[in-house]
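Student: I would like to learn how to read a model feature by feature. Where do we begin?

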Amino acid sequence: MPALYVHVPFCEKKCVYCDFYSIETETRYDDFVALLVREIELRAAWERQQHPGATGDAAAHIGAARQDTLSASHCTSIFFGGGTPSLLSPQQLGSILAALRSHFPVTHDAEITVECNPGTVANDKLAGYRALGVNRLSFGVQSFHDDDLRFLSRIHTAREAEDGIALAHAAGFENVNLDLMFSLPGQTPERWMYNLERARALGTTHLSCYSLTVERGTPLAGMVDRGEVQVAGEESDAMLFEITMDTLGAWGFRHYEVSNYALPGYECLHNLAYWRHDQYYGFGPSAHGALRDRREWNARSLAAWSEALRRGTLPVAGGEHLDASILRSEYVYLRLRSEGIDLAEFHMRFGCDFLADNSPAAQRLLDEGLLQIIDGRISLTRKGFLVCDEISASVG
């Protein structure tokens, strides 16, 4: 079931920690939308010209699982990320959705998510989104403390975040995610718990809780290098992560991916497509797509992306062939950080035995209580989630 991702790169103000491609600009959004529709048309035409048979040197097991997906399945999720997609009007968003539905087989009940900055939403805009079929919103709240928000250079206050979420519910949105960030400078367990409690009180059905990461090239990295900001240590970060797992688990949220928690039935279908190693299309500047045995990425520049489309060509900046070894490694990494690896499915998909191929490393992780096997599925334990990246690097 391929997923559709649309990258809207515009922001009113870029956050100090953000490494995603986004720009502060007064560019006319209508021009951007017209070019985006053109990209959708070109990509659909390109896809129709391709042969669905197996290609490259991917194993037959992988080919059966991936090669036929595009021709046999409908798209069950559309995700507008950014940047700040909620800067677009309902009319502009509607033009993009109409193009996607016209050129790709989107199911009538597809999950359609729009990322929102609380400082950019109003009742009429949210009602317009809902009328278009948007059924999931993701608010980049990050914190319910105004001093944290000022440090992160967010354009909204804690009160505006709460008001925005209330407007979303009033507009008919039941499926609402909040992004929250822990391990901020000086953050205590009490301040973090307040964030979780406010999120719950606002009727949130899904939470994405991320540890503050210092990405090179961001303003935050410069602040750290100059000694202006001190990042949290590993022990403090682990403690806040454990508080998150324990608290949300007690409230009935299912920890279904390292950073994501959902009430039953509210897991994000779009993100599950990534974590299940399904295929996906990417549209917009810097967007990535993974189709069959190849991954491609668009130009990470609005100007270069626009220029290519005005020439009538896809704005692809690069790509890589995904051979059997890469596909298997990525599958292991993505599945371990989410719902785990079904051992029978792994054997059917890749033609080998996961435990046998990774012994004795897998056995050591099982003995140390970092991995567990339940009903034929190997997955991370609570303890294993704390060192997810290290485990994924040691097996697969």
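This is a predicted model: local features need pLDDT of at least 70, side-chain atom pairs count only at pLDDT 80 or more; totals for chains, interfaces and linings use all residues.

Student: How should I read nonpolar cores?

Tutor: The general idea comes first. In soluble globular proteins, nonpolar side chains tend to be buried together. Here the largest nonpolar core has 91 residues. Phe104, Phe139 and Phe144 have the most contacts inside it.

Student: Which helix gives the largest share of this core?

Tutor: Helix α1, residues 29-49, with nine residues. Now take Phe104. Leaving out residues up to four places away in sequence, Phe104 touches Leu4, Ile40, Arg43, Ala44, Cys75, Tyr281 and Phe283. Another core lies apart from the largest one. That other core has eleven residues, including Val16, Leu184, Leu212 and Leu220.

Student: Next, backbone geometry. What should I expect?

Tutor: Most residues other than glycine have a negative phi, and most peptide bonds are trans. Look for the departures. Ser183 has a phi near 65°, a positive value in a residue that is not glycine. Ser183 sits in the loop between β7 (175-182) and α8 (189-201).

Student: Is Ser183 buried or exposed?

Tutor: Buried, at a relative accessible area of 5%. His277 also has a positive phi, about 65°, and is not a glycine. His277 lies in the loop between α11 (269-275) and β11 (280-283). His277 is buried too, with a relative accessible area of 7%.

Student: Where are cis peptide bonds found?

Tutor: One joins Gly82 and Gly83, with omega about 20°. Gly83 is in the loop between β4 (75-82) and α4 (90-103). Another joins Ser359 and Pro360, with omega about 10°. Pro360 is in the loop between α15 (354-357) and α16 (361-367).

Student: How do I read a polar side chain in a loop?

Tutor: Ser338 is in the loop between α13 (324-336) and β15 (341-342). Ser338 counts as buried, at 8% relative accessibility. A polar atom of the Ser338 side chain lies 2.8 Å from the backbone oxygen of Leu334.

Student: Which residues does Ser338 contact beyond its neighbours within four places in sequence?

Tutor: Tyr256, Glu257 and Trp275.

Student: And sheets?

Tutor: Strands of a sheet pair through backbone hydrogen bonds, either parallel or antiparallel. Here is one case. Three strands form an open sheet in the order β15-β17-β16, with antiparallel pairing. The edge strands are β15 and β16 (371-374), each pairing on one side only.

Student: How many bridges join β16 and β17?

Tutor: Four, in the antiparallel sense; β17 covers residues 377-380. For Ile374, the bridge partner in β17 is Arg377.

Student: Last topic: charged pairs.

Tutor: Side chains of opposite charge can pair when their charged atoms come close. This structure holds 24 salt bridges. One of them joins Arg254 and Glu267, at 3.1 Å from N to O. Arg254 is in strand β9 (residues 254-257), while Glu267 is in the loop between β10 (260-262) and α11, 13 residues apart. Arg254 is partly exposed, with a relative accessible area of 42%. Glu267 counts as buried, at 15% relative accessibility.

Student: What does the pair of Arg295 and Glu320 tie together?

Tutor: Their closest N and O atoms are 3.0 Å apart. Arg295 lies in strand β13 (residues 294-298) and Glu320 in strand β14 (residues 316-321), so the pair ties together parts that are 25 residues apart in sequence. Arg295 is buried, at a relative accessible area of 13%. Glu320 is partly exposed, at 29%.

Student: Which helices hold Asp357 and Arg328?

Tutor: Asp357 is in helix α15 and Arg328 in helix α13, so the pair ties together parts 29 residues apart in sequence. The N to O distance of this salt bridge is 3.4 Å. Elsewhere, salt bridges with shared partners join Arg276, Arg335, Glu339, Glu345 and Arg349 into one network.

Definitions and conventions. Residues are numbered from 1 along each chain as its sequence is written. Side-chain values use heavy atoms; hydrogens and water are left out. Helices (H or I, at least four residues) and strands (E, at least two) are DSSP runs, numbered from the N terminus. Buried means under 20% relative accessible area, exposed over 50%, partly exposed in between (1.4 Å probe, protein chains only). A polar contact is a pair of N or O atoms within 3.5 Å; within protein, one must be able to donate a hydrogen and the other to accept it, and residues adjacent in sequence count only if both atoms are side-chain atoms. Contact means heavy atoms within 4.5 Å. Two strands pair if DSSP finds at least two bridges between them. A nonpolar core is a set of buried Ala, Val, Leu, Ile, Met, Phe, Trp, Tyr and Cys residues joined through side-chain atoms within 4.5 Å. A salt bridge is a side-chain nitrogen of Lys or Arg within 4 Å of a carboxyl oxygen of Asp or Glu.
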